[in-house]
Amino acid sequence: MKKTKIFASLVCALALQSCLQENAGQVAQIDETTAEISNIAVCDIHFSDITFTHSLNGADTCISIKEPNKLEFRCTEKRDIFCDPNGRLSNNTIPVLLTEVDNTKPFTFTAKVSPGFTEEGMYNAADLLIFVNDTLWQKLCFEQDERANHRIVTVRTQGTSDDNNHEKLNCSSVYLRLSSDSHTLASYYSLDKKDWHMVRLYENYYPDKIWVGIASQSPTAGVCTSLFEDVTLEQVSVSDFRMGD
């Protein structure tokens with residue numbers, strides 16, 4: 001009888017522990033997806049068959065539409081989005097134009113970007129973003145690194161950011177692409193919009209409603225004026241996640 005009571009107590013304890021762990025996970029998920037969104041405002045920017053409905057950090061005052069399919073995006077210095085694990089480089093001042101996406105359905109977001117690279121502009125970049133809130137997002141960048149190389153960079157943020165430098169490219173413009181089939185999210189670049197190269201792929205764990213957006217960043221010095229062209233948002237995913245087309 002004593003052994004039976006001990007066994008029953010052990011089963012109850014394990015069940016309680018499992019329940020607490022499950023509930024803790026649920027609370028963490030809720031907190032993550034309902035976190036603060038700083039400095040966001042409604043806007044109405046029509047460009048390249050897309051309507052950007054929200055402006056982060058005054059992005060609507062930083063852009064100039066040059067042609068129906070060409071947008072110039074000016075970012076002044078010290079503006080970036082990064083959640084540094086050490087806290088020293090954290091910055092949440094980047095201007096971003098955003099449009100809402102139904103994340104339960106496939107989508108592909110593509111743009112040709114020409115960042116404003118300068119001699120003093122370390123980390124200057126043009127970006128495509130998946131954005132939920134200040135601490136849940138991903139950006140895909142064509143960026144200038146510490147050695148003035150021009151690289152494809154991805155930063156994925158869940159509370160804090162990682163930072164991944166990918167290919168070094170000898171060009172001034174590149175096509176960037178984010179694509180999801182609602183289960184998988186992948187990032188790509190192309191030099192000609194024909195041959196795509198995957199740089200990142202992971203589970204699409206974002207909530208049902210998200211934003212995608214464009215941004216220009218200048219984390220260190222000077223102004224970064226980036227040109228965005230041929231921006232498209234389609235309600236289909238790429239047919240081959242490894243090939244990106």
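Me: Which side chains does a polar contact of 2.9 Å join?

Reply: This is a predicted model, in which local features need pLDDT of at least 70, side-chain atom pairs count only at pLDDT 80 or more, and totals for chains, interfaces and linings use all residues. Residues are numbered from 1 along each chain as its sequence is written, and side-chain values use heavy atoms, with hydrogens and water left out. A polar contact is a pair of N or O atoms within 3.5 Å; within protein, one must be able to donate a hydrogen and the other to accept it, and residues adjacent in sequence count only if both atoms are side-chain atoms. Here the side chains of T110 and R177 are joined by one of 2.9 Å.

Me: Where is T110 found, and is T110 buried or exposed?

Reply: Strands (E, at least two residues) and helices (H or I, at least four) are DSSP runs, numbered from the N terminus. T110 is in strand β8, residues 107-114. Buried means under 20% relative accessible area, exposed over 50%, and partly exposed in between, with a 1.4 Å probe and protein chains only. T110 counts as buried because its relative accessibility is 0%.

Me: What does T110 touch, not counting residues up to four places away in sequence?

Reply: Contact means heavy atoms within 4.5 Å. On that basis T110 touches L176, R177, W196, D230, V231 and T232.

Me: How many strands does the protein chain have?

Reply: The chain has 18 strands and one helix. Of its 245 residues, 46% are buried. Among contacts with a separation of 6 or more, 63% are between residues 24 or more positions apart.

Me: Which residues is P85 in contact with, leaving aside neighbours within four places in sequence?

Reply: P85 is in contact with T160 and S161. P85 and T160 are 75 residues apart in sequence, yet 5.4 Å apart in space, C-alpha to C-alpha. P85 sits in the loop between β5 (81-82) and β6 (91-92). P85 has a relative accessible area of 55%, so P85 is exposed.

Me: Which side chain does a polar contact of 3.0 Å join to that of K139?

Reply: That of D80. A polar atom of the K139 side chain also lies 3.0 Å from the backbone oxygen of I81. K139 belongs to strand β10 and counts as buried, because its relative accessibility is 2%.

Me: How much space lies in the largest pocket?

Reply: Rolling a probe the size of a water molecule over the atoms shows where empty space is left. On a 1 Å grid over the protein atoms alone, where a 1.4 Å probe fits, a pocket is an open set of points with protein on both sides within 12 Å along at least five of seven lines; lining residues have an atom within 4 Å of a point. Grid points are joined across faces, edges and corners, and a volume is the space filled by probe spheres set on the points. The largest pocket holds about 320 Å³. It is lined by 15 residues, and D80, F82, L89, Y123 and D163 are the closest to its centre. Strands β10 (136-144) and β11 (150-158) are the elements that give two or more residues to this lining.

Me: Which non-glycine residue has a positive phi of about 70°?

Reply: K78 has that phi. K78 lies in the loop between β4 (70-75) and β5, and counts as exposed because its relative accessibility is 52%.
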